[in-house]
Amino acid sequence: MSKLKGLIGHIWRPAILSGAGMIALAALVFVGLVDVAEPLTAQAIPAFQPAEGDRLAFDVASVKASPPDAPQESNFPLNAGAMYTPNGGRLYGINFPLITYIVFAYNLLGNQIQALVPQIPRWATTDGFDIEARVAGNPTKDQMRVMMRSLLADRFKFAIHTEAREVPVLAFTLAKPGKLGPQLRPHPAGAPSQDAPCQTDPSAANPVPDGFFEKVPGGFPAICNGILGVPPSAPGRSRLGGRNVTIAFMAGMFSQRVNAGRPMIDATGLTGTFDFLIEFVLDSQTSAVPPDANSPQPADGPSFGEALQDQLGLKIQSRKSEMQMIVVDHVERPSAN
């Protein structure tokens, strides 16, 4: 089974800063498909349920603390996205913090992750755990999510509920009615002669630098249902590309990448999925990635807000919106295997 570690240099890995009272989340995070309709709310927990009301759980599972310097590995992306590597009923994650497994189990976006972090103990964002589990058959990714929820409840005594709250947000709207920016386009449907076929299994992607992008005209990634870090045009810039993603999911994940102090949501009214490329300068005030002392000074370039408008044709409006917020009721260190 392919191990997902060769992609780390190209995968967009949002982080939560310890220096700002938040903890770095070192995980493979892919962006998937989410639709958020009016009223504007955060992404709902998937409604998937096992047949006949049976509790869906792994047949066997092992949970143990990771060695401090163990590399992070998983046999498919432990994220909120649709990318999935067929696995024959096996799940393993090596040296991921509990929050990574929670994000996977509950299909959480950046907005929800930011609200979750202050509610859980520090060890849940810093201590690594190895989880290996098996179940008969070949479950889907959503089935794996439900089984992971059962595992978290059993081993970590993890329990949550949701509450509707009105909170200040930054809403994405169209800068000009009916007009998209030059680097935002509706995702082509069934047109392999005009666009590269979608890949949803990241282990099948070419890990050679730029291999994700060279197959699709305009530099869009070859992988669908996700956002990837694209090589920027100048040092100090951030450049991101995605295919077959909704505006709602883009907004949710930008909330994690760009620390603007409020959740970002979709208020464009646009339906369907899109391909996009955006490049901007992420300064120290808005970056959700800690600065590297050895990195070159940021290049001149557009701010996130400027790039959003000029490149994607979107702008940000401050408003209040009702969002379904996750509330953690209980969590504890895992029980012995």
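Author: Buried means under 20% relative accessible area, exposed means over 50%, and partly exposed is in between, with a 1.4 Å probe and protein chains only. The model is predicted, so local features need pLDDT of at least 70 and side-chain atom pairs count only at pLDDT 80 or more, while totals for chains, interfaces and linings use all residues. Residues are numbered from 1 along each chain as its sequence is written, and side-chain values use heavy atoms, with hydrogens and water left out.

Reader: What makes aspartate 142 count as partly exposed?
Author: Its relative accessibility is 31%.

Reader: Why is the contact between aspartate 142 and arginine 145 called a salt bridge?
Author: A salt bridge is a side-chain nitrogen of Lys or Arg within 4 Å of a carboxyl oxygen of Asp or Glu. Aspartate 142 and arginine 145 meet at 3.2 Å, N to O. By this rule the count comes to seven salt bridges.

Reader: How far apart are aspartate 142 and arginine 145 in helix H4?
Author: They are three residues apart, which means about one helical turn. Helices (H or I, at least four residues) and strands (E, at least two) are DSSP runs, numbered from the N terminus. Arginine 145 is buried because its relative accessibility is 2%.

Reader: What makes Arg185, Arg243 and Asp275 one network?
Author: Aspartate 275 forms a salt bridge with arginine 185, the closest N and O atoms being 2.9 Å apart. Aspartate 275 lies in strand S10 (residues 274-281) and arginine 185 in strand S6 (residues 184-186), so this pair ties together parts 90 residues apart in sequence. Arginine 243 also forms a salt bridge with aspartate 275, with the closest N and O atoms 3.9 Å apart. Arginine 243 lies in strand S8 (residues 237-245), so its pair with aspartate 275 ties together parts 32 residues apart in sequence. The salt bridges share partners and join Arg185, Arg243 and Asp275 into one network.

Reader: Which of these residues are buried or partly exposed?
Author: Aspartate 275 is buried at 0% relative accessibility, and arginine 243 is buried with a relative accessible area of 0%. Arginine 185 is partly exposed, at 23%.

Reader: Why is the pair of phenylalanine 96 and tyrosine 101 called edge-to-face?
Author: Rings of Phe, Tyr and Trp (its six-membered ring) pair if their centres lie within 6.5 Å; planes under 30 degrees apart count as stacked, over 60 as edge-to-face and the rest as tilted. A search of the whole structure finds ten aromatic pairs. In the pair of phenylalanine 96 and tyrosine 101, the centres are 6.2 Å apart and the planes are at 85 degrees, so the pair is edge-to-face. Phenylalanine 96 and tyrosine 101 are buried.

Reader: How do you know that strand S4 is largely enclosed by the rest of the structure?
Author: Five of the seven residues of strand S4 (residues 128-134) are buried, so the strand is largely enclosed. Strand S4 also has pairing partners, and two strands pair if DSSP finds at least two bridges between them. Six bridges join strand S1 (residues 60-65) to S4, and these strands run antiparallel. S3 and S4 pair in the antiparallel sense over six bridges.
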